[in-house]
Amino acid sequence: MAVPQNPTNFQDEDPPSHHPSPPPDHDQLFEVSTTVDPSYVISLIRKLLPTTQPQQETMQLDQQQQQQQQPNHHHESLSVGVGDQAWEDYGCILWDLAANKTHADFMVENLLLQVLSANLTVQQSSRAIEICLGIIGNLACHEDPMRLIVSTNGLVKLIVNQIFLDDTQCLCEACRLLSLGVRSSESGTWAAAIQSENVLCRILWIAENSLNLQLVEKTVELLLAIIESSQEVMEILLSPLIKMGLPSTLLSLLACEISQLSNEKVLERLSILDVTLRAIEAISVIDGHSQEISSNKELFQLVCQLIKVSDKAEVANSCVTAAVLIANILSDVPDLASEISNDLNFLQGLLDIFPFASDDLEARSALWSIMAGLLLQVRESEMSLPALYEYVSVLASKSDLIEDDLLGYQLDGLKSNARTTALRRIINILNLWTASKDEPEENGQMAAENQTANVDISRLLDCCRRHTE
């Protein structure tokens, strides 16, 4: 992948003191603030006009403001081109208000997009550019404003060009806005604007080289949005990204994040691990590109390593995604199951994921699919008795987890060939151990060492039999 000119490793930075968030999925914010005076909103828009703004546009805003005046409302005399700090304060108010659909619709009707476009053309301040992108990003969360963003002459191109800035917060807002664009009903227009090699190369380069955690997350979220977008967007963007090294970039990020799991600041990085895994998993099910994932042995080893993490409370979501990814890989390359079939740490880690996947049918199915694949590779009759006992002990120690998940399947009324295969293999393994207990004296002593394990083995055997009948 070519490295863009003027490379910069984006360092961790303190975010600005006022950094509005995007709106929630459902329009819940600012229910009371719908009483904001329309002329006040227009005045805020007018105060954002750059000093180089053509007089004609100022006159248009004046005219619209006059139309919005309420009876007996005093007309405030406004000056165009306020000071930097005042401009930022006014911009942040609009950034907040843009999260509300009513305000967003009113703003775009009153030339806010033209004002922001003018600012992006002439502004030199990184903070001002960030605010402009933040406002547009919140406007883009609403359907009608999104259509107007796309139809505003030159605005989409201006937004895409911001990806070449070296300011971390500007890049975060640019990536958020581009993610919204490729996920919207106007995704084709955004994809066409992003498709140049320079832009795609820059996005991948930022993901690989940024030291700012928020920016890494936002960049990978953009890549995920592209991967999960419409067929049109994938046809335009995904193949070029794959050729430029997208799988390699994601693998590098995954390796970095997994290596950081023992870091005391791991909680700050979990969202990056999660979104990176989601992006890799999304590619693993796309026809024509899944082989890029399933053929990578290093990737398979990394996700298996994640499954074996002992304390899953903090990385539960990532482990669930990793399990789905492993199931997808094994469906393409079944022989890889032999590499994990006798890995007791992997088996134990896999079983530990069941409770975290209880509400996710796809993940539960993936877990049973992996179980079936690896248990079919187990040659219990060729194991030494101590090795067989260790295998049985792991299964028995997780009997509660297995039984709980089987009960969930029964309540859902679901059937699964993989689950049935896995259960039958568990029955065979447990039966062989149970039969061996009564033979040599050494085996009887081994089985007698832990009566609790014996009880669990019997209970698990009965449970598996009930659910295969």
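**Helix packing and local contacts in a predicted model**

The model is predicted, with local features needing pLDDT of at least 70 and side-chain atom pairs counting only at pLDDT 80 or more, while totals for chains, interfaces and linings use all residues. Residues are numbered from 1 along each chain as its sequence is written, and side-chain values use heavy atoms, with hydrogens and water left out.

- Helix 11 has 13 residues and spans 18 Å from its first C-alpha to its last, close to the 18 Å expected at 1.5 Å a residue; the expected span is 1.5 Å times one less than the number of residues.
- Ser-210 lies in the loop between helix 11 (197–209) and helix 12 (213–227), and Ser-210 is buried, with a relative accessible area of 9%.
- A polar atom of the Ser-210 side chain lies 3.1 Å from the backbone nitrogen of Asn-212.

**Helix 20 and helix 22**

- Helix 20 (residues 344–352) and helix 22 (residues 385–397) pack at an angle of about 10 degrees, with their axes 10 Å apart; axes are lines fitted to C-alpha atoms, for helices over the stretch in contact, and angles run from 0 to 180 degrees between N-to-C directions.
- Helix 20 and helix 22 are therefore roughly parallel to each other, a term for angles under 35 degrees.
- The contact is made by Leu-344, Leu-347, Gln-348 and Leu-351 of helix 20 and by Glu-390, Tyr-391, Val-394 and Leu-395 of helix 22.

**Helix 14 and helix 17**

- The axes of helix 14 and helix 17 (residues 297–307) come within 11 Å and cross at roughly 30 degrees, and these two helices are therefore also roughly parallel to each other.
- In helix 14, Leu-251, Leu-254, Ala-255 and Ile-258 meet Glu-298, Leu-299, Leu-302, Val-303, Gln-305 and Leu-306 in helix 17.

**Helix 4 and its ends**

- Asn-100 caps the N-terminal end of helix 4, with a side-chain oxygen 3.0 Å from the backbone nitrogen of Thr-102.
- Within helix 4 (residues 101–109), the buried residues are His-103, Ala-104, Asp-105, Phe-106, Met-107 and Val-108.
- Just after helix 4, Leu-111 takes a positive phi of about 70 degrees.

Notes:
Helices (H or I, at least four residues) and strands (E, at least two) are DSSP runs, numbered from the N terminus. Buried means under 20% relative accessible area, exposed over 50%, partly exposed in between (1.4 Å probe, protein chains only). A polar contact is a pair of N or O atoms within 3.5 Å; within protein, one must be able to donate a hydrogen and the other to accept it, and residues adjacent in sequence count only if both atoms are side-chain atoms. Angles under 35 degrees count as roughly parallel, over 145 as roughly antiparallel, 65 to 115 as roughly perpendicular and the rest as oblique. Contact means heavy atoms within 4.5 Å.
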